[in-house]
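Hello,

Here is the structure I promised to pass on. Please have a look, and then read my notes below.

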Amino acid sequence: MDRQTLLNMFRTMVCIREFETEAIELAKSNATRAAIHTYNGQEAIAVGVCAHMTNKDYITSTHRGHGHCLAKGANLEKMFAELLGREEGYCKGKGGSMHIADLSTGNLGANGIVGGGIPLATGAALSVQLSNSKNFVVSFFGDGATNQGSFHESLNLASIWALPVIYVIENNEYGISTKVSKATNIENLADRAAAYGILGMSVDGNDVVKVYDHMALAIDHVRSGKGPVLVEMKTYRLAGHYFGDNQNYRTRQEVDSWKLKDPIVNCEKRLQMEYAVSSETINQIKAEETEKVLDASAKAKLMSEPDVDDLIEDLYDPDFEEITWIPINNQKK
Amino acid sequence: MRKISMREAINEALHIAFNSDDRVFMIGEDIAVYGGQLRCSYGLVENFGPDRVRDTPISEMAIVGAGVGAALSGKRPIVELSYIDFLGTCFDQVLNQAAKIRYMYGGHVNIPLVIRTQCGAGLGNGAQHSQSLEAILGHIPGIRVVMPSNAYDAKGLLLHAIRDNNPVVFIEHKALYKKRSEVPEEPYEVDYTTDVKKQGNDVTVITYSAMVNNSLQAAEKLLSEDGIDVEVVDVRAIEPLDIQPIIDSVKKTGHAVIVHEACKKGGFGGELAAQVQEFAFDALQSPILRVGAPNVPVPFAVNLENAYVPDVSRIIETVKECLSYERTKV
């Protein structure tokens, strides 16, 4: 991996962590009102995956979606504005933290239903295949979603049609409070790929370089028409399910043991030891990202709330598509 | 003009849509060579190829969800759900995804998806293949709910739905597939407006889907045998609901009877009745009465099923009851 790519990925990971740190501050003051599901500890996954993607490659995201949105290129101010329920937010304040979409960056949206985005990603991959393009789709979801019917139905469908979609499980050990070992009787969730006749791999999701390298393999696979790939990223949710979670289902020792594997700390060490990046440079990146995040948050706070008259707007597109119906006796060739 | 069945009309609309726009494609169970359990998609795979006409596994959640995802990313998919009863296996994708995505994302995205499905009792298909579930769908903001009552409307409404940039559940009553009516060969559209199927001055029968036929037959009998002049109003879409022609009609006749096949309790007739009294209260000379199925699942035995589905005589009795209320009061 070249130095600049790793530095860029490090910067994005830091940005995501800083974003979540500020989001928690906003939650503490009740400015965000509802639950904030932070991505702390999982940054290497979104960043290592999305580093391969263009705006024409699609993702679907989850309730824990801030990291995916930012890694895909979302605008910080519009993100904060949405968390705060502002008119200038990504969804004009109608979505909130769990429902941010940004089609301009290929982000088909975060989803409040566990496993809800998996069929959507499968359909987007069908679009890509029907258009004969070389683009691909990534569906992010947690270990909890792998026990939903939508996961199994979608993987099977994508397999039989060889759709260009990569299913990325972020196995962070917990579905809210339920440990993955209590919810699933297999060691590696990627083993489920075998049931659908597709490629599966389990990857250290806390190592951004490993994430990046395995994604390259998966992308080659889907682009060559060999069908979907199931990638299990093994990671850990360093914070609670949401800000305010009492976390009575796990021990401090367990959390501390994973803090030693913090993907940002790991990346920082690697940059210093293998790429001779100075601690000044590291600190400068951190300071720059913190400033960007705080600046965006401050600007978002000043933005106006949506107009109450817009409450009933945006449900339907009032316009119909312009299509000229061609009689069937004039069949197009 | 030639007469064709509703099944042929739908098939024709599908061919026109495939022929006119490359973004249109269709997925569903047994829709390709077999022609669908609805028997409406025959000929499509031969004419437009297996890429655009795809048989799927029996995975309704993945099928409907793939339709939503494809619509979200620029296509205009048609998903066939073999029976509306199978909503139970894919409801999240209808309720939480298709219906909510546009609003939830601030109107920045569209879901131009048509879910075609069949509803209705009368053919001995039993409790899990015969339901009328439009009220459940009509209660969810964000999805169009369209129910044609004849071949002409079906062809035009389906083409209209395919041009719609919003998700549409297009519900075809299975008892109507073989019913024939005059249908032009050329493409045309029918919009979502409420349509007066028969003019009349004495009482308004508000109905939709297969019950339009029963209501028209009842109207004919009432006129010839009792001299009662019924106006039959066809609510072709319950969302968007075009209420004005219904209100205009009730203001003219002063009486309203609502007829649908779905269970009367909690059915869409309740919403129609509420809106009629909201907007035409002063015109009403009698209570709004409803004809619907009893509050049980659809039974199998022929005599039970016949007793379940509202028939012409029940409509006639209810219309007379409605009008007799006025007579006793006056």
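**What I found**

In chain B, helix α9 is followed by B:Gly254, whose phi is positive, near 80°. Helices here are DSSP runs of H or I of at least four residues, strands are runs of E of at least two, and both are numbered from the N terminus. Within α9(B), residues 244-253, the buried residues include B:Ile246, B:Ile247 and B:Val250; buried means under 20% relative accessible area, exposed over 50% and partly exposed in between, with a 1.4 Å probe and protein chains only. The buried residues of α9(B) pack against β10, β11, β13 and α10 of chain B, where contact means heavy atoms within 4.5 Å.

A word on the basis: this is a predicted model, in which local features need pLDDT of at least 70 and side-chain atom pairs pLDDT 80 or more, while totals for chains, interfaces and linings use all residues. Residues are numbered from 1 along each chain, chains are lettered from A and ligands numbered from 1 in the order written, and side-chain values use heavy atoms, without hydrogens and water.

Over all chains there are 37 salt bridges, each a side-chain nitrogen of Lys or Arg within 4 Å of a carboxyl oxygen of Asp or Glu. One of them joins A:Glu268 and A:Lys286 at 2.8 Å, N to O. This pair links distant parts of the chain, with A:Glu268 in α10(A) and A:Lys286 in α11(A), 18 residues apart. A:Glu268 is buried, at 18% relative accessible area, whereas A:Lys286 is partly exposed, at 27%.

Best wishes
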